[in-house]
Amino acid sequence: PFPSGGAEGAEPLLQLREEQQQLELGRRRDQLREAQQRLQEVALEAQQAQLKRLRQTSERYWEHWEGLRGT
């Protein structure tokens with residue numbers, strides 16, 4: 001039973017608004033964490049792709065070098 005009217009009536013409303021803000025903050029924090037996680041995954045994939053390219057390039061280089069030395 002809420003007290004009606006006056007300053008006491010506003011108290012539960014304030015509390016409710018604070019709880020909503022906390023929920024909102026929590027949700028935003030979750031979204032931020034998810035976004036950061038996705039960003040990390042994407043960055044990791046990009047890094048791995050780069051490493052793969054580097055490895056292929058260096059393998060081709062060494063094969064070429066071996067070929068040159070072999071003759």
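**Figure 1. Overview of the predicted model.** This is a predicted model, in which local features need pLDDT of at least 70, side-chain atom pairs count only at pLDDT 80 or more, and totals for chains, interfaces and linings use all residues. Residues are numbered from 1 along each chain as its sequence is written, and side-chain values use heavy atoms, with hydrogens and water left out. The protein contains one helix and zero strands; helices (H or I, at least four residues) and strands (E, at least two) are DSSP runs, numbered from the N terminus. Helix α1 comprises residues 6–70. Of the 71 residues, 0% are buried, where buried means under 20% relative accessible area, exposed over 50%, and partly exposed in between (1.4 Å probe, protein chains only). Accessible areas come from the Shrake-Rupley method with a 1.4 Å probe; for residues, only the protein chains shown count as cover.

**Figure 2. The annotated segment, residues 25–52.** An unreviewed UniProt entry gives these residues the annotation "coiled-coil region". UniProt positions follow the numbering used here, feature names are shortened, and annotations may be inferred rather than shown by experiment. In the model, the span is 100% helix and 0% strand, and its end C-alpha atoms lie 40 Å apart.

Figure 3. Side chains of opposite charge can pair when their charged atoms come close. The closest N and O atoms of Glu24 and Arg27 are 2.8 Å apart. Glu24 is partly exposed at 33% relative accessible area, and Arg27 is partly exposed at 46%. Together with Arg28, these two residues are linked in a network of salt bridges.

Figure 4. Arg33 and Asp30 meet in a salt bridge at 3.1 Å, N to O, and are three residues apart in helix α1. Arg33 has a relative accessibility of 47% and counts as partly exposed; Asp30 is also partly exposed, at 37%. The side chains of Glu66 and Arg69 meet at 3.3 Å, N to O, and these residues are separated by about one helical turn. Glu66 is partly exposed at 44%, whereas Arg69, at 59%, counts as exposed.

Figure 5. The structure holds two aromatic pairs; rings of Phe, Tyr and Trp (its six-membered ring) pair if their centres lie within 6.5 Å, with planes under 30 degrees apart counted as stacked, over 60 as edge-to-face and the rest as tilted. Tyr61 and Trp62 are edge-to-face because their planes stand at 75°, with ring centres 5.4 Å apart. Tyr61 and Trp65 form a stacked pair, 6.4 Å centre to centre and with 5° between the planes. Tyr61 and Trp65 are four residues apart in helix α1, and Trp62 is also placed in helix α1. Tyr61 is partly exposed at 46% relative accessible area, as are Trp62 at 48% and Trp65 at 38%. The three residues form one aromatic cluster.

**Figure 6. A nonpolar surface patch.** Tyr61, Trp62, Trp65 and Leu68 form this patch, with about 460 Å² of accessible area together. Patches are made of residues with over 30% relative accessible area and no salt bridge; like charges are joined within 9 Å, and nonpolar side chains (Val, Leu, Ile, Met, Phe, Trp, Tyr) within 5 Å.

Note on methods:
A salt bridge is a side-chain nitrogen of Lys or Arg within 4 Å of a carboxyl oxygen of Asp or Glu.
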